[in-house]
Amino acid sequence: MYDLYDFPLYRPPSEAYSLIIQITLGCSHNRCTFCSMYKDKKFVIKPVEEIKKEIDTFRAIYKNRPVDKIFLADGDALIVPTKILAEILDYIKLVFPECQRVSVYGTAIAIHQKSTDELKLLYEKGLTLVYLGVESGDNEALKFIKKGIKAEKIVELSKKIMNTGIELSITLIAGLMGKYQDNKNHAINTAKIIQEISPKYASILNLRLYEGTELYKLMQEGKYDYLEGVEVLKEMKLTLASMDREKFTRKVIFRANHASNYLNLKGNLPDDIDRMIAEIDNAIEHEAIDVNNYRFL
Ligand code: SF4
């Protein structure tokens with residue numbers, strides 16, 4: 001089965017038990033200054049006939065096992081033209097009729113490039129969840145990491161996709177501005193963007209850097225450094241404390257319990273804000289910060 005993949009292969013933590021089908025290689029943006037995931041991969045949309053053959057091979061492997069969830073990789077598979085993506089989704093439905101959920105990583109640009117009708121069509125054909133790396137709600141922070149988009153546009157595009165029925169899972173990054181820059185606006189505006197979008201899921205991960213990224217290079221030059229664990233938790237506390245309960249348009253399932261996080265937090269927003277702030281305070285007070293509790297972003 002591993003021969004079917006072009007490594008490295010990434011998937012969101014919540015897709016740990018999903019069948020992964022690589023319909024693209026790499027990321028069409030591939031410019032974020034903190035991201036090393038696809039630095040060595042040229043972005044390619046795989047030929048649809050090749051993808052169909054792989055789907056057949058996976059069915060043969062999962063002959064006696066139902067497949068509930070499928071994740072379409074790599075980093076930005078939503079960018080695949082609608083006609084091709086619709087054909088792939090139709091084929092998945094044909095070969096894996098038991099599949100309940102098909103999800104994909106998307107960028108805001110990929111959402112921008114698709115009309116509402118195209119997104120509705122993809123939803124009707126079985127695309128149920130898009131993972132969007134928002135990273136921050138602050139325009140200065142987004143510029144710093146070369147995300148290539150402003151927060152206002154991210155909100156607009158998030159609403160566009162959610163209005164089609166496709167659910168959204170967004171990720172934000174704690175500690176993004178590092179030790180030498182003010183992180184207050186990043187924290188406060190991250191709260192704002194979560195509440196304004198009110199996606200089904202929102203996760204905050206902790207920044208870890210790898211060789212080959214611009215931020216790693218800046219770190220080696222002494223111009224950037226990680227925020228200390230306790231400072232990251234204070235930033236997360238500021239994010240939670242800055243949330244306005246009235247601004248949420250629905251309940252958001254919130255997670256900061258990735259292998260990268262210094263403290264495991266989970267709850268619903270806005271209901272569990274106070275409880276999670278209390279957990280952060282408790283961790284800071286008792287120095288219960290797991291500095292080894294990280295592996296990767
Ligand atoms: S963070 Fe996402 S959009 Fe940015 S380069 Fe990495 S995979 Fe691409």
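Pro 8 lies in the segment before β1, and the peptide bond that joins Phe 7 to Pro 8 is cis, with omega near 0°. The model is a predicted one, in which local features need pLDDT of at least 70 and side-chain atom pairs count only at pLDDT 80 or more, whereas totals for chains, interfaces and linings use all residues. Residues are numbered from 1 along each chain as its sequence is written, and side-chain values use heavy atoms, with hydrogens and water left out. Helices (H or I, at least four residues) and strands (E, at least two) are DSSP runs numbered from the N terminus.

**Backbone geometry**

- Most residues other than glycine have a negative phi, and most peptide bonds are trans.
- A cis peptide bond also runs from Leu 269 to Pro 270, with omega near 5°, and Pro 270 belongs to the loop between β10 (265–269) and α10 (273–285).
- Glu 135, although not a glycine, has a positive phi of about 70°; Glu 135 is placed in strand β6 and counts as buried at 7% relative accessibility, where buried means under 20% relative accessible area, exposed over 50% and partly exposed in between (1.4 Å probe, protein chains only).
- Ser 198, likewise not a glycine, has a positive phi of about 45°; Ser 198 sits in the loop between α7 and β8 (201–206) and is buried, with a relative accessible area of 1%.

**Helix α2 and its neighbours**

- Helix α2 has 14 residues and reaches 20 Å from its first C-alpha to its last, close to the 20 Å expected at 1.5 Å a residue, the expected span being 1.5 Å times one less than the number of residues.
- The buried residues of α2 are Thr 82, Leu 85, Ala 86, Ile 88, Leu 89, Tyr 91, Ile 92 and Val 95, and what covers them includes β1, α1, β4 (69–73), β5 (101–106), α4 and β6.
- Helix α2 (residues 82–95) packs with α4 at an angle of about 10°, with the axes 9 Å apart, where axes are lines fitted to C-alpha atoms, for helices over the stretch in contact, and angles run from 0 to 180 degrees between N-to-C directions.
- That angle makes α2 roughly parallel to α4, a term for angles under 35 degrees.
- In this packing, Thr 82, Leu 85, Ala 86, Leu 89 and Lys 93 of α2 meet Glu 118, Leu 121, Leu 122 and Glu 124 of α4, contact meaning heavy atoms within 4.5 Å.
- The axes of helix α1 (residues 48–61) and α2 come within 10 Å and cross at roughly 20°, which makes α1 roughly parallel to α2.

**Helix α6**

- Buried residues in α6 are Ala 151, Ile 154, Val 155, Leu 157, Ser 158, Lys 160, Ile 161 and Met 162, and their cover includes α3 (108–113), α5 (139–144) and β7 (167–174).

**Individual residues**

- Met 1, in the segment before β1 (19–22), counts as partly exposed at 38% relative accessibility; leaving aside its neighbours within four places in sequence, Met 1 is in contact with Phe 58, Ile 61 and Tyr 62.
- Thr 107, in the loop between β5 and α3, counts as buried at 17% relative accessibility, and, leaving aside its neighbours within four places in sequence, Thr 107 is in contact with Asp 76 and Leu 132.

Notes: Parallel < 35°, antiparallel > 145°, perpendicular 65-115°, else oblique.
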